[in-house]
Amino acid sequence: MDQKLYILYFTALPKQERIVGGTVTSINQYPYSVAVLYVRSNGPFVQGCGGTIINNRSVLSVAHCIGACITCIRLRVGSTYASSGGVVHHVAQIIRHPQFNSATMANDIGLVRVLFPFQFGPTVQPAAIAGPNAVIPYNTVVTAIGWGWKDHAGVNPSEELRHVQIPTVPHATCQNSYTFMTLTAGHMCAGPMEGGRGSCQGDSGSPLIYNNVVIACTSFGNGCARPNYPALYSRVAYFSNWIVDHA
């Protein structure tokens, strides 16, 4: 039987006091972090997205990362490194949000269920996720993690897990930046408006964290850590009921 999800139901969070502009961290600090691996034409699987362990069989990620081919992806858990260590799991099922729209990136959320359950230990643990009433105040400092690109050029992915602290951004401010699309209640924005720090390609699906609670999943952005373009995330509170129902 699958283990229960850890869901935190709160209405507000207190403030607290840094992947582009970030620093190397360890899986011991984020034991729920997952490297999503994709098969290449010559055979090996390489990291391309991220995810979060939320129970002993399910990983939370974003829809645009997980596609529909269960033999095309695998999940590495329990390792600081994108290409080695930990345990690599085969996939049993992929569940993408039924209203995911690849053109507008609305409802960019999904789940991956593994063939055999995770064996929990110091470096493999489920994360708590935000409940449906969670409210994250604007300008709250949150943490983005992932194995994505370390620079704006996108030629320097990180082999080691990295993290960076960034502020959440008001919805209206973010909409003013992303005039070419309509943001929904399922979106959350985070990143300094001056740029220089934030999520990048390869970080998609990885969690945005506050007080060790997953509040969002990295979705997309206009470049990486560009001034006036904070990254966009899929807000977990908005999708919380769907996640619980399908995990």
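Phe 116 sits in the loop between strand 9 (110–114) and strand 10 (128–130). Strands here are DSSP runs of E with at least two residues, helices are runs of H or I with at least four, and both are numbered from the N terminus. This is a predicted model, in which local features need pLDDT of at least 70, side-chain atom pairs count only at pLDDT 80 or more, and totals for chains, interfaces and linings use all residues. Residues are numbered from 1 along each chain as its sequence is written, and side-chain values use heavy atoms, with hydrogens and water left out.

Is Phe 116 buried or exposed? Phe 116 counts as exposed, because its relative accessibility is 57%. The cut-offs are under 20% relative accessible area for buried, over 50% for exposed, and partly exposed in between, with a 1.4 Å probe and protein chains only. Leaving aside neighbours within four places in sequence, Phe 116 is in contact (heavy atoms within 4.5 Å) with Arg 57 and His 89. His 90 is 26 residues away from Phe 116 along the chain, and their C-alpha atoms are separated by 7.7 Å.

Now take Cys 217, in strand 15. Cys 217 counts as buried because its relative accessibility is 0%. Its C-alpha atom is separated by 5.5 Å from that of Ser 206, 11 residues apart along the chain. Beyond neighbours within four places in sequence, the contacts of Cys 217 include Leu 60, Val 62, Ile 109, Ser 206 and Tyr 233.

Step back to the whole chain. It has 3 helices and 16 strands. Of its 247 residues, 54% count as buried. The chain exposes about 10,300 Å², and carbon and sulfur atoms supply 52% of that area. Such areas come from the Shrake-Rupley method with a 1.4 Å probe; for residues, only the protein chains shown count as cover.

Next, the interior. A nonpolar core is a set of buried Ala, Val, Leu, Ile, Met, Phe, Trp, Tyr and Cys residues joined through side-chain atoms within 4.5 Å. The largest one has 59 residues, and Leu 208, Ile 215, Tyr 233 and Ile 243 have the most contacts inside it. Another core lies apart from it, with 11 residues, among them Phe 100, Val 169, Leu 183 and Cys 189. Leaving aside neighbours within four places in sequence, Ile 215 is in contact with residues including Ile 136, Met 188, Leu 208 and Arg 235.

The largest pocket has a volume of about 260 Å³. Of the 16 residues that line this pocket, Ile 136, Tyr 138, His 187, Met 188 and Arg 235 are the closest to its centre. Which strand gives the most to the lining of the largest pocket? Strand 13 does, with 3 residues. Strand 12 (162–169) and strand 13 (187–190) each supply at least two residues of the lining.

Two backbone angles close the tour. Most residues other than glycine have a negative phi. Asn 211 has a positive phi, near 55°. Asn 211 is placed in the loop between strand 14 (207–210) and strand 15 (213–220). Asn 211 is partly exposed, because its relative accessible area is 41%. Ala 225 also has a positive phi, of about 55°, although it is not a glycine. Ala 225 lies in the loop between strand 15 and strand 16 (231–235). Ala 225 is buried, because its relative accessible area is 10%.

How values were computed
On a 1 Å grid over the protein atoms alone, a cavity is a set of points where a 1.4 Å probe fits but cannot get out, and a pocket is an open set with protein on both sides within 12 Å along at least five of seven lines; lining residues have an atom within 4 Å of a point. Grid points are joined across faces, edges and corners, and a volume is the space filled by probe spheres set on the points.
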